Amino acid sequence: MHSFMSGGLFCAWVGTILLVVATATDHWMQYRLSGSFAHQGLWRYCLGSKCYLQTDSIAYWNATRAFMILSSLCATSGIIMGILAFAQQPTFTRLSRPFSAGIMFFASTLFILLALAIYTGVTVSFLGRRFGDWRFSWSYILGWVALLMTFFAGLFYMCAYRMHECRRLSTPR
């Protein structure tokens, strides 16, 4: 059980760090505008070496931002529950800490998936046509890697929960 929780905690830390970096940085998309390179993220866009805040309240940016922030909060809560899962004192008899951590990481994965799906759909259908020479950049890719890491963290914690439940049910009372 501890090996699954250790693997889950490792994936959780890596996934959460990647998630925060992906959310905070401004390299989700790169494009060429008026002969110079530009890039944009969820919060800023940069033309050459000058960066500007994105002051437009566009629905897909707001939705992507909100889902990424919710995902970060779920992942952080999952890490806290995952660390508490190593403590063996059961404070709640009906609430398993590995199960709670797994649910938080699956919720985080869902929120990342929603954020990236919204961003991808709008970027490909609208911004991709507007800018001829464009591509997704490393912040966006880190979001997808964070999605995989949080999913595997949830999977490891669910496996730890199942092992604990199987042991608890097989011991005589």
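The following conversation goes through some features of a predicted model and the reasons for the words used to describe them.

Visitor: Why is the pair of Tyr-45 and Tyr-52 called tilted?

Guide: A pair of aromatic rings is described by the distance of the centres and the angle of the planes.

Visitor: What makes the pair of Phe-151 and Phe-152 edge-to-face?

Guide: The ring centres of Phe-151 and Phe-152 lie 5.6 Å apart, within the limit of 6.5 Å, and the planes stand at 70°, over 60, so this pair is edge-to-face.

Visitor: Why are Phe-151 and Phe-152 called partly exposed?

Guide: Phe-151 has a relative accessible area of 34% and Phe-152 one of 37%. Buried would need a value under 20% and exposed a value over 50%, so a residue in between is partly exposed. Tyr-45, at 29%, is partly exposed by that reasoning, and so is Tyr-52, at 33%.

Visitor: How do you know that Arg-32 lies over the face of Phe-37?

Guide: Arg-32 is placed 4.1 Å from the ring centre of Phe-37, and this value is within the 6 Å that is asked of a charge over a ring.

Visitor: What makes the pair of Asp-26 and Arg-44 a salt bridge?

Guide: The closest N and O atoms of Asp-26 and Arg-44 are 2.8 Å apart, and because this is within 4 Å, the pair counts as a salt bridge. The count of salt bridges in the model comes to one. Asp-26 lies in the loop between α1 and β1, while Arg-44 belongs to strand β3 (residues 44-47), so the pair ties together parts that are 18 residues apart in sequence.

Visitor: Are the two partners, Asp-26 and Arg-44, buried or partly exposed, and why?

Guide: Asp-26 has a relative accessible area of 8%, which is under 20%, and therefore counts as buried.

Visitor: Why is Gln-54 called buried, and what does Gln-54 touch?

Guide: Gln-54 sits in the loop between β4 (50-53) and α2 (59-85), and its relative accessible area of 9% is under 20%, so Gln-54 is buried. Not counting residues up to four places away in sequence, Gln-54 touches several residues, including Gln-40, Trp-43, Arg-44, Tyr-45 and Arg-65. A polar atom of the Gln-54 side chain also lies 2.9 Å from the backbone oxygen of Gly-41.

Visitor: What makes Val-21 partly exposed?

Guide: Val-21, which is found in helix α1 (residues 2-24), has a relative accessibility of 32%, between 20% and 50%, and so counts as partly exposed. Leaving aside its neighbours within four places in sequence, Val-21 is in contact with Trp-138 and Leu-142.

Visitor: Which residues of the largest nonpolar core touch the most other members?

Guide: Of the 34 residues in this core, those are Trp-28, Met-68, Phe-105 and Tyr-119. The elements α1, β1 (29-33), α2, α3 (97-130) and α4 (138-170) each supply at least two residues, and α4 gives the most, with eight. Trp-28 and Tyr-119 also belong to a cluster linked by ring pairs, whose other members include Tyr-60, Trp-134 and Trp-144.

How values were computed: Residues are numbered from 1 along each chain as its sequence is written. This is a predicted model: local features need pLDDT of at least 70, side-chain atom pairs count only at pLDDT 80 or more; totals for chains, interfaces and linings use all residues. Side-chain values use heavy atoms; hydrogens and water are left out. Buried means under 20% relative accessible area, exposed over 50%, partly exposed in between (1.4 Å probe, protein chains only). Rings of Phe, Tyr and Trp (its six-membered ring) pair if their centres lie within 6.5 Å; planes under 30 degrees apart count as stacked, over 60 as edge-to-face and the rest as tilted. A charge sits over a ring if NZ of Lys or CZ of Arg is within 6 Å of the ring centre and within 35 degrees of the ring normal. Helices (H or I, at least four residues) and strands (E, at least two) are DSSP runs, numbered from the N terminus. A polar contact is a pair of N or O atoms within 3.5 Å; within protein, one must be able to donate a hydrogen and the other to accept it, and residues adjacent in sequence count only if both atoms are side-chain atoms. Contact means heavy atoms within 4.5 Å. A nonpolar core is a set of buried Ala, Val, Leu, Ile, Met, Phe, Trp, Tyr and Cys residues joined through side-chain atoms within 4.5 Å. A salt bridge is a side-chain nitrogen of Lys or Arg within 4 Å of a carboxyl oxygen of Asp or Glu.
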